[in-house]
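Colleague: I am new to reading models like this one. Could we go through it in short questions?

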Amino acid sequence: MRDELKYLSGFGNEFSSEDERWPGSLPPGQNSPQRCPRGLYAEQLSGTAFTCGRADNRRSWLYRARPSVCHGPFEPVADESGPEHLTDDWDRTPPNPNQLRWKPFEVPTRQDTDEVDFVRGLHTICGAGDPRARAGLAVHVYLCNASMRRKALYNSDGDFLIVPQLGPLLITTEFGRMRVESNEICVVQRGMRFSVKVYGPSRGYILEVYDNHFQLPNLGPIGANGLANPRDFLTPTAHYEDDDEDEVNDYLIINKYQGRLFRAAQRHSPYDVVAWHGNYVPYKYNLERFMVINSVSFDHCDPSIFTVLTCPSDKPGTAIADFVIFPPRWSVQEHTFRPPYYHRNCMSEFMGLIRGSYEAKDREGFQPGGASLHSMMTPHGPDAACYEAASGQAELRPERVADGTQAFMFETYYGLAVTEWALRGCQKLDPKYQDCWRGLKKNFKTTEK
Ligand SMILES: [Fe+2]
């Protein structure tokens, strides 16, 4: 399906957009005139503190048929915030330092169960911290088979970086619509209302950060270009949705607030924004556009060369979370063990697979829609078969790596707790994961070089 929606190109830009049907809806020269054009209400959405430095300040002005405040009271959503699914209670399970790997998470089928939309389909895998303290993150998967109908979600706790793995998503936001295919990602930031339409069984991964926002990594000696280029990030254009004629069915606004879901009813669509301007916006990015940097001489570079987006902490060079991909590329290093090295990391590494087969893990054990977690200081590296093949007599010719494959990593400086659902509820945890390293032999010889 072709994406025929219109987008604005760039990362962190000051954008402005009007629904094409009503030009002149943005007030010229000021944000909050006594009377906005066409009788619209002006509303600011702040993504950073008012007083945040200019380089980091994020906010947008929305011009809408009604202000967002026109809704009923928030009430807890009992069925969609069950402790086994969406949680930020990291003390419910004991710490688990093991290498963990999951088979593909099961997508509910319409034969087996009711309709499960994006909100009901959210399941937390692991995380740390507390959204009340604006510190930490969570990793979720969504497993759904139905579109959100007259239902919008917004996250008061943080930003969502969404990685579709199975099935395209049509995401309607207050800023407009974006279509996100597998091998694309999108970011919907704190407070932005959005609804997800699916076209069949759908699965994907979500990185939620409770503090700061994603930005492009610094390039250092790489120079002014490379990795994810700013112009390849696409932001929706204003699209007004008028459904005032539906006086019967409420529109549910779901608010993820302090780890729980709440709902409030209103009569009208929250997507009643006719025009907007600002630099606090949702966006998407096609991972095929990533310009890969790698060693062209020897040794295996650290995976930070594959960073698409980073959410920095207050500690320079250290991320709350990085989004890293392992894209198709050439491998040309000489006299080098080319797969990833064995290592122990002071960061925690959650990996997922969008498609294909990742070069350092066996094809059966790490499948698209599955995952692995290597927590801080937990050793990991290529399995025995991969080591044997790469360190053996293989000729080190230039070769393509990861064609048809897209693996990714959420890397964080937090220690992660794994949820009850991920350990037991999902029934996908692979009890035999550690066997993949059992075959690593002692090759050390004292008698020869
Ligand atoms: Fe690693």
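Colleague: Which residue in E25 is the bridge partner of Phe350?

Modeller: First, this is a predicted model, where local features need pLDDT of at least 70, side-chain atom pairs count only at pLDDT 80 or more, and totals for chains, interfaces and linings use all residues. Residues are numbered from 1 along each chain as its sequence is written. Strands (E, at least two residues) and helices (H or I, at least four) are DSSP runs, numbered from the N terminus. The bridge partner of Phe350 in E25 is Leu373.

Colleague: How many bridges join E24 to E25?

Modeller: Strands count as paired if DSSP finds at least two bridges between them. E24 and E25 run antiparallel. The number of bridges joining them is 4.

Colleague: Which strands are the edge strands of the open sheet?

Modeller: The sheet has 6 strands in the order E6-E25-E24-E27-E22-E21, with antiparallel pairing. An edge strand here pairs on one side only. That gives strand E6 (100-102) and strand E21 (307-312).

Colleague: Where does UniProt place the feature "binding site"?

Modeller: The entry is unreviewed. UniProt positions follow the numbering used here, feature names are shortened, and annotations may be inferred rather than shown by experiment. The record names Tyr358 and His380.

Colleague: Which residues is His380 in contact with, leaving aside neighbours within four places in sequence?

Modeller: His380 is in the loop between E25 and helix H1 (384-391). His380 is buried too, because 23 other C-beta atoms lie within 10 Å. Contact means that two C-beta atoms, placed from the backbone, lie within 7 Å. On that basis, the partners are Gln99 and His374.

Colleague: How many helices and strands does the protein chain have, and what is its radius of gyration?

Modeller: The protein chain has 3 helices and 28 strands. The radius of gyration is taken over C-alpha atoms, and the globule rule is 2.2 Å times the number of residues to the power 0.38. For 449 residues the rule gives 22 Å, and the chain's value is close to that, so the chain is as compact as a globular protein of that length. The radius of gyration is 23 Å.

Note on methods. A residue is buried if 20 or more other C-beta atoms lie within 10 Å of its own, exposed if 12 or fewer, and partly exposed in between; C-beta atoms are placed from the backbone.
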